[in-house]
Amino acid sequence: MLENKLIQPLNVSYSSDEAGSERADEAAKIVASGVNVSYAGRPAITNVNLNIRSKAVTALIGPSGCGKTTFLRCINRMNDLIETCQVSGSITLDNEDVYGDDVDVVVLRRRIGMVFQKPNPFPKSIFENVAYGPRIHGQANKGDDLNEIVERSLIRAGLWDEVKDRLDAPATGLSGGQQQRLCIARAIAVEPDVILMDEPCSALDPIATARIEELIDDLKTKYTIVIVTHSMQQAARVSQRTAFFHLGELVEENEAKVIFTNPSDDRTRAYVTGSIG
Amino acid sequence: MSTSSLTTRHPNQILVERLIRAILFSCSAVAIFITVGIVASLIFEAALFFQSVSIFEFLFGTEWSPQTALREDQVGASGRFGAVPLFVGTGLISTVALCVSAPLGIFSAIYLAEYASDGVRSFVKPLLEILAGIPTVVYGFFAAIVIAPAISDFGKVVGLEVAYESALAAGLVMGVMIIPLISSISDDIIKAVPDSLREGSRGLGATKSETIRRVVLPAALPGIAGGILLATSRAIGETMIVVMAAGLAANLTFNPLEAVTTVTVQIVVLLTGDQEFDSPKTLAAFALGLALFCVTLVLNVVGSQIVKKFREQYD
Ligand SMILES: Nc1ncnc2c1ncn2[C@@H]1O[C@H](COP(=O)(O)OP(=O)(O)OP(=O)(O)O)[C@@H](O)[C@H]1O
Ligand SMILES: [Mg+2]
């Protein structure tokens with residue numbers, strides 16, 4: 001317990017007192033230390049040390065190919081699905097080693113949900129999409145319990161009013177923005193602690209994007225959220241903490257407003273002002 | 001000057017272009033005309049047949065004995081042309097074939113698409129293609145010489161009476177023949193299900209087999225059904241295996257242990273040997289051919305439409 005709290009991000013410096021004191025208040029939900037990932041021997045990210053704060057939005061930004069997705073997928077071990085992918089270092093969730101020998105990825109992924117870049121509803125009804133997780137985890141199999149979970153999840157995802165009259169309609173008939181909110185509803189139906197989002201708005205128009213951003217802001221009261229985004233405006237709007245990745249390295253992590261107004265690393269400054277990318 | 005150099009080469013080029021176009025057009029025209037011609041002759045000869053035998057008797061009659069008299073004054077001058085026993089026989093053998101090939105084909109496709117490593121895949125896929133490349137006459141004598149006696153003997157051991165030319169034997173071998181067709185279509189279809197769906201399911205904590213059962217297969221099912229329709233069409237039109245392994249007598253039965261005959265077998269029987277060309281017996285082959293053509297056409301069109309729609313859905 002203590003040990004994990006002692007691990008500090010190596011290459012992060014806290015300039016403002018305010019940021020430091022806030023840090024002390026909030027426990028780190030996820031602690032990554034010395035994380036290296038390589039694909040078929042080629043390193044993708046090296047020595048990433050990052051604390052992810054509970055019940056807040058952490059944005060991962062950086063140029064294409066810098067390893068944001070790779071890092072995100074380490075957290076819920078989705079990288080296990082890629083045969084060539086090798087992960088070393090440690091990642092803990094509530095001080096428990098995510099890569100521990102006796103960790104069941106089924107349980108892990110129930111606690112760490114994921115929303116993908118392109119909305120990927122299953123070719124089933126709206127209801128069945130949301131009920132999918134609860135069914136496989138045996139939270140509820142039928143009847144009122146399941147109906148309640150589905151309704152609650154859709155309400156939280158801000159989709160209920162739009163779909164309550166057509167829960168049996170195919171999910172693929174929804175608009176892109178609705179599909180993405182459905183995917184969020186599907187993720188929260190299994191009651192995770194953490195939601196990972198990989199560019200969740202990149203396939204959406206500005207209005208749908210705004211709705212998702214509102215939703216993310218709302219969700220952070222209950223969930224720890226890690227979001228990858230290419231939009232600096234989005235990162236500034238939704239995140240409390242922002243981490244900048246560059247060429248497989250975590251360059252800097254800090255309060256969002258510090259990263260965007262007064263970063264300590266020149267590379268971060270260059271990226272957020274738009275001169276590298 | 002410049003205008004003349006522009007115009008001088010033109011006529012030749014235009015000529016060549018036109019010539020190439022004309023040659024290519026006539027080649028495809030030939031293919032289309034032949035197809036139209038065959039269908040037209042099927043319809044024409046079948047129409048002649050239906051002048052002497054009512055279409056009602058043909059489609060709903062349950063007795064098939066096409067022996068007609070060779071001389072006008074012979075007794076029993078007209079045969080019976082009720083094709084139901086042939087349709088049922090064809091259906092019975094095809095059903096046995098599908099019962100074998102659908103599960104084997106689909107399961108092997110699931111294995112190949114979802115579980116097999118690239119190494120295994122590159123070894124098993126060509127092997128399945130070899131299975132598809134075996135001439136059907138080889139399957140035929142395999143059925144007649146190996147499978148049929150084995151089944152018949154096995155029947156004796158367990159006290160069942162199994163005809164030597166049972167629908168079961170022909171159907172089993174036909175099923176083996178169709179496995180590669182079903183497995184390669186299903187493999188394509190399963191591979192066409194986007195990975196994003198698998199990741200979505202795994203991301204929710206589903207295991208690999210849960211993901212396959214609950215997401216991949218339901219998503220692939222329409223396409224696989226289309227593939228099975230195509231395989232059915234292939235089974236119904238298959239000739240060589242049934243000529244060698246199925247019976248000749250038109251028994252009307254749904255028991256796969258008995259001998260049945262099929263539409264294709266009867267066409268072969270009707271047209272081999274010396275025939276009067278305009279006897280009902282000969283013309284009956286055209287009527288059978290037309291019926292076969294209609295059924296396989298519908299199955300092919302519906303099957304390939306479904307498969308095509310499926311692929312487009314996930315483009
Ligand atoms: N499945 C894979 N196999 C091999 N290499 C991979 C794989 N996935 C990612 N990589 C490599 O790892 C590095 C980091 O990729 P990653 O997808 O994490 O970047 P990213 O920051 O998410 O980029 P983007 O912003 O374009 O999504 C890249 O060099 C990429 O080529
Ligand atoms: Mg990415």
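This is a predicted model: local features need pLDDT of at least 70, side-chain atom pairs count only at pLDDT 80 or more; totals for chains, interfaces and linings use all residues.
Which residues line the second largest cavity?

## Packing of H5 against H7 in chain B

Two packed helices are described by the angle between their axes and the distance between the axes. In chain B, helix H5 (residues 118-133) packs against helix H7 (residues 167-192) at an angle of about 140°, and the axes lie 8 Å apart. The crossing of H5(B) past H7(B) is left-handed.

On the side of H5(B), the contact is formed by Arg121(B), Lys125(B), Leu128(B), Leu131(B) and Ala132(B). H7(B) contributes Val176(B), Ile179(B), Pro180(B), Ser183(B), Asp187(B) and Lys191(B). Sorted by class, this contact of H5(B) with H7(B) holds 6 nonpolar, 1 polar and 4 charged residues.

## Packing of H6 against H7 in chain B

Helix H6 (residues 136-158) of chain B also packs against H7(B), here at an angle of about 135° and with the axes 9 Å apart. H6(B) and H7(B) are therefore oblique to each other. Their crossing is right-handed.

From H6(B), the residues Thr136(B), Tyr139(B), Phe142(B), Ala143(B), Ile147(B), Ala148(B) and Ile151(B) take part. They meet Leu168(B), Ala169(B), Leu172(B), Val173(B), Val176(B) and Met177(B) in H7(B). The contact of H6(B) with H7(B) comprises 12 nonpolar residues and 1 polar residue, with no charged residues. Val176(B) of H7(B) belongs to this contact and also to the contact with H5(B).

## Packing of H4 against H5 in chain B

The axes of H4(B) and H5(B) cross at roughly 150° and come within 10 Å. Because angles over 145 degrees count as roughly antiparallel, H4(B) is described as roughly antiparallel to H5(B). The crossing of this pair, H4(B) and H5(B), is left-handed.

Tyr111(B), Leu112(B) and Ala113(B) supply the H4(B) side of the contact, while Val120(B), Arg121(B), Val124(B), Lys125(B) and Leu128(B) supply the H5(B) side. By class, the contact of H4(B) with H5(B) has 6 nonpolar and 2 charged residues, and no polar residues. Arg121(B), Lys125(B) and Leu128(B) of H5(B) take part here and also in the contact with H7(B).

## The largest pocket

The volume of the largest pocket is about 680 Å³. Its lining comprises 20 residues, and those closest to the centre of the pocket are Leu81(A), Glu114(B), Asp195(B), Arg198(B) and Lys208(B). Elements giving two or more residues to this lining are helix H4 (84-115), H5, helix H8 (195-203) and helix H9 (208-237) of chain B.

By class, the lining of the largest pocket divides into 8 nonpolar, 2 polar and 10 charged residues.

## The two cavities

The count of cavities of 30 Å³ or more comes to 2. The largest cavity has a volume of about 40 Å³. From chain A its lining takes Met114(A), Phe116(A), Cys183(A), Arg186(A) and Ala187(A), and from chain B it takes Gly200(B), Gly203(B) and Leu204(B). Helix H8 (176-188) of chain A and H8 of chain B are the elements that give two or more residues to this lining. H8(A) gives the most to the lining of the largest cavity, with 3 residues. In total, the residues lining the largest cavity are 5 nonpolar, 2 polar and 1 charged.

The second largest cavity holds about 40 Å³ of space. In answer to the opening question, its lining consists of Thr90(B), Ile93(B), Ser94(B), Met174(B), Ala235(B), Ile236(B), Glu238(B), Val242(B), Thr262(B) and Thr264(B). H4 and H9 of chain B are the elements that give two or more residues to this lining. The most is given by H4(B), with 3 residues. The lining of the second largest cavity divides into 5 nonpolar, 4 polar and 1 charged.

Key. Residues are numbered from 1 along each chain as its sequence is written. Chains are lettered from A and ligands numbered from 1 in the order in which they are written. Side-chain values use heavy atoms; hydrogens and water are left out. Axes are lines fitted to C-alpha atoms, for helices over the stretch in contact, and angles run from 0 to 180 degrees between N-to-C directions. Helices (H or I, at least four residues) and strands (E, at least two) are DSSP runs, numbered from the N terminus. A crossing is left-handed if the near helix is turned anticlockwise from the far one by less than a right angle, and right-handed if clockwise. Contact means heavy atoms within 4.5 Å. Ala, Val, Leu, Ile, Met, Phe, Trp, Tyr, Cys and Pro count as nonpolar, Asp, Glu, Lys and Arg as charged, and the others, Gly among them, as polar. On a 1 Å grid over the protein atoms alone, a cavity is a set of points where a 1.4 Å probe fits but cannot get out, and a pocket is an open set with protein on both sides within 12 Å along at least five of seven lines; lining residues have an atom within 4 Å of a point. Grid points are joined across faces, edges and corners, and a volume is the space filled by probe spheres set on the points. Angles under 35 degrees count as roughly parallel, over 145 as roughly antiparallel, 65 to 115 as roughly perpendicular and the rest as oblique.
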